[in-house]
Amino acid sequence: MSIYSEQDAKAILDKVVALSKADECTASLDGSIEGNVRYALNNVSTSGIVSNAELAVQVAYGKRSGVATINEFDDASLARVVARAEELARLAPENPEFMPAIAKQTYRPSATFVDKTAAITPEYRAKVAADSILPCRANKLVAAGFFNDSQSFSALANSNGNFGYQRETSLAFTCTVRTDDAQGSGWVARSLADVDQFHAPTEIQIAMDKAKRSSSAKALEPGKYTVILEPAASADLLTYMFRGFDAREADEGRSFMTKKGGGNKLGEKVFDERVTIYADPWDPAAAVLPWDEDGLPREHTPLVTKGVVDNLQYSRYWAKLKGKTAVGEPGNLIMTGGDKSTMDLVKSTSKGVLVTRTWYIRMVDPQTVLLTGLTRDGTFYIENGEIKYPIKNFRFNESPVIMLNNVEEFGKPVRVLPQESSIVMMLPPMKLREFTFTSLSDAV
Amino acid sequence: MQRRDFLKSGAGLTGFGLAGVGLETLLLPRYGRAVPVDALSSKIDGALKKRLATTALEAATKAGATYCDVRIGRYLRQFVITRENKVQNVVNTESTGVGIRVLANGAWGFAASSDLSVDGIAAATAQAVAIARANAKIQTDPVQLAPNKGVGEVSWATPIKKSAMEVPIKEKVDLLMSVNGAALKAGADYIRSVIFAVNEQKYFASTDGSYIDQDVHRLWAPFEVTAIDKASGKFRDRRGLSVPVGRGYEYLEPTPAGRIALPGGAVVYGSSYDMHADAIAAASQARAKLKARSVKPGKYDLVLDPSHLWLTIHESVGHATELDRVLGYEANYAGTSFATLDKWRSKDFKYGSPNVTIFADKIQPGTLGAVGYDDEGVKTGRWDLIKDGILVNYQVIRDQAHIIGAPASQGCCYADSWSSVQFQRMANVSLAPGAKPLSAAEMIKDVENGIYIVGDGSFSIDQQRYNAQFGGQLFYEIKNGKVTEMIEDVAYQMRTPDFWNACAAVCDQRDFRFGGSFFDGKGQPPQISAVSHGSATARFNGINVINTARSLG
């Protein structure tokens, strides 16, 4: 039992808050049931269900705070976890940046829960594996994939009378298909809240097609190319870039958002005017919880509008110091685009490179957000609006800040999940000029 | 693992949250429940663990399993996290439970539970057997388990002098505050520092007749200093040169023997670490980086200090020789490997020059990989992966040994929690020191046009471990046999076999030191593991260096 009703969750949290003798108390209760199936070499390798619930209690005496967590919820355990948090708080030194518990909030619910996703069975997961494996076996292809679904709830309360409760569902599917001679490799990924929008037999065809078409790739010279990044390929590039949106880091002088001579670039045009990105917890395709880790309500927050930076992320402490209002930290990112599909963008390209997936991206220089990484599982040369032939994978050294100034065209946004964070993103396929590939990789 | 399991959680936009695959440098995952300080020096009673394990072994056998292993684990972590003159967080966590793995009808089944009652363990065992039977239905090849003789009741502990868990929080806070203060005084604008202590109390029992009790300790004290030039808007970081270790708190008590002064003036550390001195050096070096000359791209002879080379070994040899990757089990996530079985079978694949002998081990004292037995009860050891430049072996566990005709597992099995299933993880993988006496200073004397790299920086490698790019912390130009000046914006690009075949010399045993990581990610759902890599300073000729400076206009 790890999914509690609103009433049961509230009863536990109320008890915890009442038990605390500290100056203030904040408690959160989270529970989830996650199911998965993993397969490789056209065989299921593991499958399982993990069910867990955890209560976190933070208390404070003045500016000294302590955190304790527990996964048992009988009265004795609740008393123990509160006592432990209080003990740690007394041991902790004063934190001059301590912020008191938030006031009572009003949260507007977001549509994060889909009944059918919560009802996924082990048989359904086994079928996803079979739907991937069987067509590959029949086509001299080898599938390795992972399907993971989750239902969860989050509840929070504090000694100022604040309370919130909401349930969520999600599913994520990735599958790499390789030719049996290991000369070709394709990939597909899907991230959704509603299982009715997922159809494994259709998805697997994308990876199978890319695997077959990517065999016997030719080598192109490294250099600057017009690229079309599929939506999943740019997700992690943006993940790294948005770490630079922290207001404090920018004000302290250690972010690409730092302004020469001091201060930050809030209100400045940093990107091409076609770049508009916002956060919205109620977006129907990418809904997330209406509060952040601190319990602050999330809002519809413009981040970049027509290339101009509208908002940086202020922590409660930094907002207070700088005379700003702290808003809930976004849990999703929505980038606007047009109506075109990836293939529509290919059609209008005279010469370029189509990138399916990017891999092992790391920060080379935070000053410019210079990132390095590689293409993977389906890289193709485009000529006169057609995919001409597969090409060997490239290593790139490119900054997403520079990339979003070299915009040719954006297509229609789709929901993607980055590999390096869990922010839900709606990203368009992007056609960009002068993308910098610095070396060739022999990896298939 | 969910985002909320991370201390410095990144559920939001700007957080430094969950890493995907590969190494991450300053992640602070929070395991299990927070506990009071007194809990950190206690243990679960040995007789109780044996009784609980026996319950599972008997239940599995009765249900028709042909093999069963039980891991009862208590995983303790302590974090002290600071920036400048502030302690941001002090957290103690504990996670206790049991993981039960069975073989039934030729397939694996696994179940885990935090319920350590006899009934709870019996229920988890039944679930594991049921999952094994379900998996067997669609399996084409039954699991072949290499033999492993039971060892009876044995125990092993990391050889520590002073348990980091038992050192008072105040002492750790005082150390970090003094380190931070020294760095700020020496010219740093900002500093973050952390003490991170780990204790894994692991009890393993199997139907082979083993009852193994192990007490594993690890410690890490990373920091990051930032220097800023407001006028130009430029900033530079320099991270600490400490090493995560399989040692006690004595590692943080400086000794003269632990200090190693390198040609050109940088100081690195071996058997012990002077965090205070390193922070002062970091502050002045971060300031120097702001003004250092930007590298001219081209071919250079690289002289790589062990504080840097460990990461290159990890990515280009450690991962490439994991047999599960070679076979394709990690194809969807961590990737496969260029070091395919046909290359190994040829007995002639030149992975590197004759100067390159690379060995794997789980036994070197003070390393992160050192344990008495792995997580399937196999006694640990040492073996060569690359001998005089030729690929000779892989890293395997019990159900893979038959694939390379090995009579037994090498002991590479690990799970990051009682609740995760154990699988093949990297052993320590190290470059053997050269046989001829050679110091770093003597090596540099022969280099006409080179770069000396100290510390690890950014890193990235493709999914078959061919094409990699590495940065560093400190870069020094070498001209006509002398270290001349600090330079910046350096990264080298390499193709793995070309790079190791360009290895011209390796310094001798006196220079052999370790680096390592707490956070090597692999698997779906992802698990982390800790691993060390040793080497002496080594020289690589004619490596392609790029300039990483860019302008945002």
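**Figure 1. The two domains of chain B in the predicted model****.** The domain assignment places residues 25-291 of chain B in domain 1 and residues 294-547 in domain 2. Taken over C-alpha atoms, the centres of domain 1 and domain 2 of chain B are 22 Å apart. Where these domains meet, domain 1 of chain B contributes 49 residues and domain 2 of chain B contributes 46 residues.

**Figure 2. The side of domain 1 of chain B that touches domain 2 of chain B****.** Several elements of chain B each supply at least two residues here, among them strand S3 (67-83), strand S4 (86-104), strand S7 (190-206) and helix H4 (275-291). Strand S8 of chain B provides the largest share, 6 residues. By residue class, this side of domain 1 comprises 26 nonpolar, 14 polar and 9 charged residues.

**Figure 3. The contact between chain A and chain B****.** On the side of chain A that touches chain B, strand S12 (residues 351-365) of chain A gives the most, with 7 residues. That side of chain A consists of 31 nonpolar, 30 polar and 21 charged residues.

**Figure 4. The largest nonpolar core****.** This core has 298 residues. The residues with the most contacts inside the core are A:Val16, A:Ala27, A:Val57, B:Val102, B:Val225 and B:Ile451. Strand S4 (residues 141-158) of chain A gives the most to the core, with 10 residues.

**Figure 5. The surroundings of A:Val16****.** Leaving aside neighbours within four places in sequence, A:Val16 is in contact with A:Cys25, A:Ala27, A:Leu55, A:Val57, A:Leu78 and A:Val82. Two of these partners, A:Ala27 and A:Val57, are listed with A:Val16 among the residues with the most contacts inside the largest nonpolar core.

Methods. Residues numbered from 1 in each chain as written. Chains lettered and ligands numbered in written order. Predicted model: local features only at pLDDT ≥ 70, side-chain atom pairs only at ≥ 80, totals over all residues. Contact = placed C-beta atoms within 7 Å. Helix = DSSP H or I, 4+ residues; strand = E, 2+ residues; numbered from the N terminus. Nonpolar A, V, L, I, M, F, W, Y, C, P; charged D, E, K, R; others polar. Domains from an automatic or database assignment. Core = buried A, V, L, I, M, F, W, Y, C linked by C-beta atoms within 7 Å. Buried ≥ 20, exposed ≤ 12 C-beta atoms within 10 Å, placed from the backbone.
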